[in-house]
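Let's take a quick tour of a protein model. Have the sequence and the 3D view open while you read.

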Amino acid sequence: MRNAFLTPPTVVLAGVLLLTACGSQKADSRSDGLTQRQRSDATGPPSKSSCGASNSDAPTKPSTSALSGSPSGLEKGGVRITGSSGGTRACAEFDVTNHGTEPFTYTISFEFLSDSGAALTQTKQTVSSVKPGQTVKRTVVMGEVPSRPTGAAQVRIAKVRSVPADEAPSDKGTCPPSGVRVHADDGDAAMGLRVVSLHLENCGTRTHRLNGYPKLQLLDEGHKPVNGVKIHQGGSAIATGTGADGTPQPLELKPGERAYASLVWRNTVEGGVDKPVNVPYVRVWEKPGADPVMVIPEFDLGTTGKLGVGPWKKRASGR
């Protein structure tokens, strides 16, 4: 079993990069707390690209000119924006440098903003298997942007998450050596009740057997174990009718068949009790002896101190 105490790169950041017409990074004259010199330092020389740089996994030396002297928030945790283009199909060039000691896979959330700072659209991009000391370049395209006020627009790195590359979840692509893919969905929320499902697919060539509950380890933003949260087998300790109830049954998954297990919690916060507990990462073992997979369900457990996990259930064909 892997050592649960990791020392990953910083994983949460927020920054804003001004975008104007394609091929230009000149900031406007709005009062945003920065001097013109600071704006120039933050954006660097005008970009001659229109987000046309090819993605590369080859090790590169990160340039220091594009964001030289940038204020805190534009370059953190090894992720930085290096070029941009505006218009109705805004895009940004960025690179990721792994300052850790093992390969990591990064998931980065970008937001395209209006002049007033309202989020118009959001997209995520995954950068897989960045080796220690390696820098890779990527481009994110925001797609068709809804109508917005005239003037400069902005793109922001809203959030960055990272998981050890050999524990990265997957729902498509090459089948892992284990013969199964495991990932978590985006979940559902209503009146403070949260439900996220773990999904398992037999992508191998042999029958895969399950019987019981997935084993979970809750991890904070630094990938360290979160203590003080009770994990209940079954969802009835949280709420009924969530899909997390039932008795475990022996399952035989033929190649191509799938199973799921529901995770349920409430984000109720009672004043004066404890600080709210947030758990971005969960290490999952689908059964004893299995290779772990680290998913990113973003548990906002409030002050409840408990989480319900349902048994594995076979997914009906075609669902």
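Predicted model: local features only at pLDDT ≥ 70, side-chain atom pairs only at ≥ 80, totals over all residues.

Residues are numbered from 1 along each chain as its sequence is written, and side-chain values use heavy atoms, with hydrogens and water left out.

**Nonpolar cores**
- A nonpolar core is a set of buried Ala, Val, Leu, Ile, Met, Phe, Trp, Tyr and Cys residues joined through side-chain atoms within 4.5 Å; buried means under 20% relative accessible area, using a 1.4 Å probe and protein chains only.
- The largest one has 26 residues, and Leu216, Leu218, Val282, Phe299, Leu307 and Trp312 touch the most other members.
- Strand E16 (residues 258-266) gives this core its largest share, four residues; strands (E, at least two residues) are DSSP runs numbered from the N terminus.
- Another core lies apart from it, with 19 residues including Ile81, Ala92, Ile157 and Val160.

**A three-stranded sheet**
- This open sheet goes E13-E18-E19, with antiparallel pairing; two strands pair if DSSP finds at least two bridges between them.
- Strands E13 (215-219) and E19 (293-295) are at the edges with a single partner strand each, so one side of each has no neighbour in the sheet.
- Three bridges link E18 (residues 281-285) to E19, and Val282 sits opposite Val295 in E19.

**A loop residue**
- Look for Gln134 in the loop between strand E6 (119-130) and strand E7 (135-141).
- Gln134 counts as buried because its relative accessibility is 6%.
- Its side chain reaches the backbone nitrogen of Lys131 at 2.8 Å.

Note on methods
Buried < 20%, exposed > 50% of the residue type's maximum accessible area, 1.4 Å probe, protein only. Polar contact = N/O pair within 3.5 Å; in protein donor to acceptor, adjacent residues only side chain to side chain.
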